[in-house]
Structure formats: C-alpha cells, structure tokens
Amino acid sequence: MDSTPLDALMPTGGSSQSAPPLPSATTYTPVMTPGTQTYSPPPPMGNVLPTPSVKSILRSIMTYVAIFLGVSLISFTHVQSLLLRYIPHAYSGSGVVSFYGAAFLGAVGVVVIYILQSLLQPLI
C-alpha cells in the first residue's frame with residue numbers, strides 16, 4: 001500500500017487562513033499542574049469527624065422501636081381480622097389476605113408507626 005507523506009499534503013508557503021478568534025464562553029482558565037499548588041497543613045485538631053449526640057442516637061433507637069412495635073401489632077391475626085372485617089375484597093377466595101387487604105394493612109401500619117413514633121419521641 002502506498003502512503004503519502006504529510007509534508008506533501010501541506011500547501012507550500014504556509015497557510016493563508018488564520019483561525020477565527022474564540023468567543024469568550026469557550027476560553028478556559030489555566031489548569032494548575034501538580035507541584036505548583038501550595039501545601040496547606042491540616043487543622044490542628046487533625047481529621048476529627050463530628051460525633052452524633054446522644055439525643056440523636058436515642059431518637060434513631062426510638063424510631064426503630066416504633067417500627068418494631070407497629071409491625072408487631074399489625075402482624076397479629078386478631079388485629080388483622082378486626083381491621084379487615086369491613087373492608088371489601090380484603091380476603092381472597094381461599095381466606096388468605098388479598099393484595100388489597102395487604103395494601104390496607106400496610107397503610108394502617110404506616111399510620112400506627114407514625115403515631116407510636118410521635119408518642120415515643122417526646123420521651124427523650
């Protein structure tokens with residue numbers, strides 16, 4: 001295969017066209033190269049992460065307790081039968097809770113968890 005050298009493709013005498021100036025939106029700030037940045041030492045205390053306060057830890061524990069109590073309350077069969085007794089299509093044909101009934105129990109569970117959490121949070 002024959003190849004043409006790049007010098008033969010360039011016009012003789014240099015290029016007669018100059019590049020148009022770039023608009024100001026396309027100009028970039030100069031890039032700092034490694035070694036030209038100044039070193040700033042770490043703060044005197046070192047790399048200290050903020051520790052959560054005891055109050056925020058207790059709030060998160062109370063949130064977990066509220067979720068556990070709410071889910072435990074809704075999972076009882078007696079509570080489920082009381083809640084789903086007057087809800088139409090809550091049970092499937094074989095007596096198992098249907099998707100509609102499960103969605104209703106989930107919504108009631110969210111409300112119960114919210115109420116328990118609002119009652120437990122002021123105890124902290």
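The protein chain holds 4 helices and 0 strands. Helices here are DSSP runs of H or I with at least four residues, strands are runs of E with at least two, and both are numbered from the N terminus. This is a predicted model, in which local features need pLDDT of at least 70, side-chain atom pairs count only at pLDDT 80 or more, and totals for chains, interfaces and linings use all residues. Residues are numbered from 1 along each chain, and side-chain values use heavy atoms, without hydrogens and water.

From the N terminus, the order is α-α-α-α.

| Chain property | Value |
|---|---|
| Buried residues (under 20% relative accessible area, 1.4 Å probe) | 12% of 124 residues |
| Accessible surface (Shrake-Rupley method, 1.4 Å probe) | about 11000 Å² |
| Carbon and sulfur part of that surface | 69% |

**Helix 2 and helix 4**

Helix 2 covers residues 54–75, and helix 4 covers residues 99–120. They pack at about 140°, with axes 8 Å apart. Axes are lines fitted to C-alpha atoms over the stretch in contact, and angles run from 0 to 180 degrees between N-to-C directions. The two helices are therefore oblique to each other. Oblique is what remains after under 35 degrees (roughly parallel), over 145 (roughly antiparallel) and 65 to 115 (roughly perpendicular).

Contact means heavy atoms within 4.5 Å. Helix 2 contributes residues including Met-62, Ala-66 and Leu-73, while helix 4 contributes residues including Leu-105, Val-112 and Leu-116.

**Val-96**

Val-96 sits in the loop between helix 3 (77–84) and helix 4. At 48% relative accessibility, Val-96 is partly exposed, a class between buried and exposed (over 50%). Beyond its neighbours within four places in sequence, Val-96 contacts Ala-90 and Tyr-91.
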